[in-house]
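Please look over the sequence and the structure shown here before reading on. The explanation moves from the whole chain to selected details.

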Amino acid sequence: MKFSVIFEAQLADPTVEREHQLFHDCVEQAVLAEEMGFDRIWAVEHHSLKWYAHMSAPEIFLTWVAARTSRIRIGHGVVCMPFRFNHPVRVAERAATLDLLSGGRVDLGAGRGGTVQETSLCGVDRDRTTQEVEEALRIIGKAWEKDELEHHGPLLDIDPHPILPRPVQNPHPPLFLACSRTETLTQAAELGVGALVMGFAGPESIARMRTAYDAAVAARTPERLVSSVINDHFSVLCPTIVLDDRDEARRIGIRGQRFFAQSIGHWYGGAGIPDEAVVDGADEAAEMDRAAEQVVARLHEQRIPVRPTATATFNADHAYGTAADAIAHVERLRDAGADEIMCLVQMGTVPQEACLETLRQWGETVIPHFKGGEQG
């Protein structure tokens with residue numbers, strides 16, 4: 001099993017000064033993640049999503065982290081692949097350069113970036129995003145497998161050109177797709193790319209998603225593959241705060257997740273601005289009651305009810321508590337079919353000291369439990 005940390009660069013009370021500090025804090029967390037034995041970091045790409053994600057240029061963040069580390073893998077989770085966000089050839093050039101400079105540590109995920117806020121900024125046709133993502137993956141696979149790229153698809157025509165530089169990993173870095181529903185899981189399996197799966201709904205939902213993914217893998221045919229190299233890796237999001245004090249960890253984690261859920265509700269579902277009026281020391285039930293309005297959000301393609309009776313974003317049954325609590329939750333995710341646990345620690349209201357302590361606890365106790373004491 002692999003362990004990673006995903007960065008959204010969330011900020012509950014955005015000011016320029018806090019935003020600048022946030023990015024340095026994320027770098028500090030990423031460097032510590034390597035020291036603590038995590039296998040990979042992931043960075044999202046979003047645009048103009050105040051509060052929810054300030055990570056608009058992950059290629060720069062990941063390059064900075066790569067220069068500060070030596071072993072941990074560097075993952076785009078994900079690049080917004082519609083062409084007006086990023087032309088697929090430019091994605092291939094940038095990722096190959098980072099792979100070269102990092103010594104072959106890059107992983108590349110694809111996604112839609114489908115909020116109205118983002119697509120309107122860059123003039124993206126929302127009706128074409130799914131098709132553009134798939135064609136981009138096909139172009140990138142070709143760009144890295146042949147001396148010259150030539151592509152004539154339904155959306156783009158590219159006459160023969162060399163795509164430079166070539167990546168260190170041969171033939172290219174592993175490819176992934178953001179997956180939030182059965183349709184995208186099936187698409188990822190048919191294309192032969194790994195699945196980056198939202199894990200908010202808990203292990204039972206993850207088990208159903210893994211079953212759907214495996215069924216599509218078993219049924220796929222070679223003509224749908226985007227590369228000669230198949231990646232059937234199944235990576236699952238895991239919100240987590242781990243401290244010695246279980247109650248404090250749950251309080252901080254649930255508060256952070258509530259902010260995360262409200263931010264999703266704002267940008268994906270048209271809800272109001274996230275409410276940061278959370279009373280310190282409130283119990284779990286009170287925290288959940290504060291999100292009682294019936295808000296339906298969209299996280300990528302997934303409809304997520306943000307309310308206490310839902311089993312999605314506001315399900316509080318995650319790796320919040322002590323290291324023993326985290327181990328028990330990861331065991332459930334492993335049994336559900338997770339190949340990788342993507343730790344979501346940096347939620348908008350979580351203080352830096354809690355993020356760092358969570359990473360330490362995972363590195364000292366949780367990860368060794370699953371790797372027999374051997375980190376790396």
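The model is a predicted one, and the protein in it contains 11 helices and 13 strands. Of its 376 residues, 61% count as buried, while the accessible surface comes to about 14,600 Å², with carbon and sulfur atoms contributing 50% of that area. Among the contacts with a separation of 6 or more, 74% are between residues 24 or more positions apart.

Turning to the helix pair, the axes of α1 (residues 16–35) and α2 (residues 58–68) come within 10 Å of each other and cross at roughly 45 degrees. On the side of α1 the contact is made by F23, C26, V27, A30 and V31, and on the side of α2 by F61, W64, V65 and R68. By residue class, this contact of α1 with α2 comprises 8 nonpolar residues, no polar ones and 1 charged.

Towards the other end of the numbering, E357 is found in helix α11, which spans residues 352–371. Because its relative accessibility is 26%, E357 counts as partly exposed, the limit for a buried residue being under 20%. Which residues does E357 contact, once its neighbours within four places in sequence are left aside? They are V242 and L243, and of these L243 is 114 residues from E357 in sequence, although the two C-alpha atoms are 6.7 Å apart in space.

Definitions and conventions:
Residues are numbered from 1 along each chain as its sequence is written. This is a predicted model: local features need pLDDT of at least 70, side-chain atom pairs count only at pLDDT 80 or more; totals for chains, interfaces and linings use all residues. Side-chain values use heavy atoms; hydrogens and water are left out. Axes are lines fitted to C-alpha atoms, for helices over the stretch in contact, and angles run from 0 to 180 degrees between N-to-C directions. Helices (H or I, at least four residues) and strands (E, at least two) are DSSP runs, numbered from the N terminus. Contact means heavy atoms within 4.5 Å. Ala, Val, Leu, Ile, Met, Phe, Trp, Tyr, Cys and Pro count as nonpolar, Asp, Glu, Lys and Arg as charged, and the others, Gly among them, as polar. Buried means under 20% relative accessible area, exposed over 50%, partly exposed in between (1.4 Å probe, protein chains only). Accessible areas come from the Shrake-Rupley method with a 1.4 Å probe; for residues, only the protein chains shown count as cover.
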